[in-house]
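This report walks through one structure, taking its side-chain contacts topic by topic. Please look at the sequence and the model first, and then read on.

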Amino acid sequence: MPHPPHTPDGAPPDPAETHRANLPLPPPEPVDPDLGPQLAPGERPERQWPVLVAISLGGGLGAAIRYGAIVVWPTPAGAFPWTILAVNAAGCAAMGVLMALLTEGWPDAPRLARPFLGTGMLGGFTTFSTYAVDAQTLFDGGSPGRALGYLALTVAAALAAVVGASWLTRSAVRLGRAEGSPA
């Protein structure tokens, strides 16, 4: 019977490590085009400050707009949280439009457009944490059916909004190109 291999210090190797060593490495993750190429060893990340500032400013603006929606259309205690559902669906639709425009209609957009508008503004506008709190409030208030309905309806509305808005925007951009209008 052959003896198992040993590490340089004489201890038997960890079977999990031996197995992992034989697996191929995963491909490298794609680089976010807003951040540019990966930092070289020893390089300072100053290039990322403008991105962080853009996200922060956009996030503040998006959160302020969401707050305005909540003030204009408040949800009474114990009622179905239509405002947050509408905010999340609208934000997802806007994200579908934005990403379709940035990838198909305006691929040379400024480097900070996506962090400011997408991650920042729309990230601050949508609020899936409030969505979770609203669902918990409905559960705790004795309305588990409405809570489950809210959970399902919000996810369905958000997915339908982003997919539908993205598809419509891409179709409009392509139609504009086919007709020769600048898009």
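## A first residue and the basis of the report

Is tyrosine 131 buried or exposed? Tyrosine 131 counts as buried because its relative accessibility is 10%, where buried means under 20% relative accessible area, exposed means over 50%, and partly exposed lies in between, with a 1.4 Å probe and protein chains only.

The model is predicted, so local features need pLDDT of at least 70 and side-chain atom pairs count only at pLDDT 80 or more, whereas totals for chains, interfaces and linings use all residues. Residues are numbered from 1 along each chain as its sequence is written, and side-chain values use heavy atoms, with hydrogens and water left out.

## Aromatic pairs

Rings of Phe, Tyr and Trp (its six-membered ring) are taken as a pair if their centres lie within 6.5 Å, and planes under 30 degrees apart count as stacked, over 60 as edge-to-face and the rest as tilted. By this rule there are four aromatic pairs. One of them joins phenylalanine 128 and tyrosine 131 in an edge-to-face arrangement, with 5.8 Å from centre to centre and 80° between the planes.

Both of these residues belong to helix H5 (residues 128–140), where they are three residues apart, about one turn of the helix; helices here are DSSP runs of H or I with at least four residues, numbered from the N terminus. Phenylalanine 128 counts as partly exposed because its relative accessibility is 36%. Ring pairs also connect Phe80, Trp82, Phe128, Tyr131 and Tyr150 into a cluster.

## Nonpolar cores

A nonpolar core is a set of buried Ala, Val, Leu, Ile, Met, Phe, Trp, Tyr and Cys residues joined through side-chain atoms within 4.5 Å. The largest one has eight residues in all, namely Phe80, Ile84, Leu85, Tyr131, Ala135, Leu138, Ala147 and Tyr150. Helices H3, H5 and H6 each supply at least two residues of this core, and the largest share, three residues, comes from H5.

A second, separate core has five residues, among them Leu102, Ala109, Ala113 and Leu122.

## Salt bridges

A salt bridge is a side-chain nitrogen of Lys or Arg within 4 Å of a carboxyl oxygen of Asp or Glu, and a search of the whole structure finds two of them. In one, glutamate 104 meets arginine 170 at 3.7 Å, N to O; this pair links distant parts of the chain, with glutamate 104 in helix H3 (residues 82–105) and arginine 170 in helix H6 (residues 144–178), 66 residues apart.

Arginine 174 also forms a salt bridge with glutamate 104, with the closest N and O atoms 2.9 Å apart, and here too distant parts of the chain are linked, since arginine 174 in helix H6 and glutamate 104 in helix H3 are 70 residues apart. Together, Glu104, Arg170 and Arg174 are linked in a network of salt bridges. Glutamate 104 counts as buried at 17% relative accessibility, whereas arginine 170 at 23% and arginine 174 at 47% count as partly exposed.
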